[in-house]
Amino acid sequence: METKAGIILLGQGEGIMKTKARIILLGLVMAVVFCYVTSVRADSDFATGAAAGSGGTGAAVNLDFQITIPSFLYFRVGSIGSIDQIQFAPTPTDVFTPGNITAGTGGDLGSGTVTVSLISNAGAIGNGVDITETNNSSGNGLANDDGTLTYINYAQINTATNNGNLPAPLLSNGGSNSVNIANTSGVITNEQAQWTYTYTNPVTTPAAGTYGGNGFGGRVTYTAAVP
């Protein structure tokens, strides 16, 4: 009987231990669940009772969205990926006659005309974008490539635009003229144009020769910048 009783008591002891183990395990699970629910409380909700039933308020969660748009400035004059050259070849009559106008050749559109595009989302409302002209003539104008140190003033080259909202700055020997292109809408600037170049023969007849080109002060740089 003692042996049996001892066996019975031992069996009861094992049962008690198993029950305690189950309680401890359940407690751990509940603790993990509680920690998870607490950690995601900001974007989770738990509805019970009437709220979870038909017609109830349900469970509502929040999700925030944010988009970061970088500022940019796109400017194109002429061909994409290459530098165009505008050329003028006035006739002897044009050269002899002050004020005669000679049409150009070259440009991505031909006939001395280039494509111009200005797009920007930078800056503030009302600031727009400034376009400034500079050149590599050291303030002298287009030099004669025969080395005689004779020049043609950049003021003799004129620029016409087909879009009054996107004019070109006047070319100059000093290279500091600028124009402001107004915002199209809000802070956005989005203008397209065609610039056409012509040459006006000066009052003083220039010496014969070829003037300009990149190596002789003929490189103009247009810079677009947000003021």
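A nonpolar core is a set of buried Ala, Val, Leu, Ile, Met, Phe, Trp, Tyr and Cys residues joined through side-chain atoms within 4.5 Å. The views below show a predicted model.

**View 1. The largest nonpolar core holds 21 residues.** Leu 118, Ile 131, Leu 166, Trp 195 and Tyr 197 have the most contacts inside this core. Strands S3 (113–120), S4, S8, S9 (189–200) and S10 each give two or more residues to the core. S9 supplies the largest share, four residues.

**View 2. Leu 118 and its contacts beyond four places in sequence.** Among the partners of Leu 118 are Leu 73, Tyr 74 and Phe 75. Val 129, Ile 131, Leu 166 and Ile 181 also touch Leu 118. So do Thr 189, Asn 190, Glu 191 and Ala 224.

**View 3. Three strands form an open antiparallel sheet in the order S8-S4-S10.** S8 (178–181) and S10 (220–225) stand at the edges with a single partner strand each, so one side of each lacks a neighbour in the sheet. From one strand to the next, the twist averages 20 degrees.

**View 4. S4 (residues 129–135) pairs with S10 in the antiparallel sense.** Six bridges join the two strands. Thr 134 stands opposite Thr 221 in S10.

**View 5. Ser 111 and Leu 149 are loop residues with positive phi.** Most residues other than glycine have a negative phi. Ser 111 lies between S2 (101–103) and S3, with phi near 55 degrees. Its relative accessible area is 57%, so Ser 111 is exposed. Leu 149 lies between S5 (142–143) and S6 (151–152), with phi near 60 degrees. Leu 149 is exposed because its relative accessible area is 64%.

Technical notes. Residues are numbered from 1 along each chain as its sequence is written. This is a predicted model: local features need pLDDT of at least 70, side-chain atom pairs count only at pLDDT 80 or more; totals for chains, interfaces and linings use all residues. Side-chain values use heavy atoms; hydrogens and water are left out. Two strands pair if DSSP finds at least two bridges between them. Axes are lines fitted to C-alpha atoms, for helices over the stretch in contact, and angles run from 0 to 180 degrees between N-to-C directions. Buried means under 20% relative accessible area, exposed over 50%, partly exposed in between (1.4 Å probe, protein chains only). Contact means heavy atoms within 4.5 Å.
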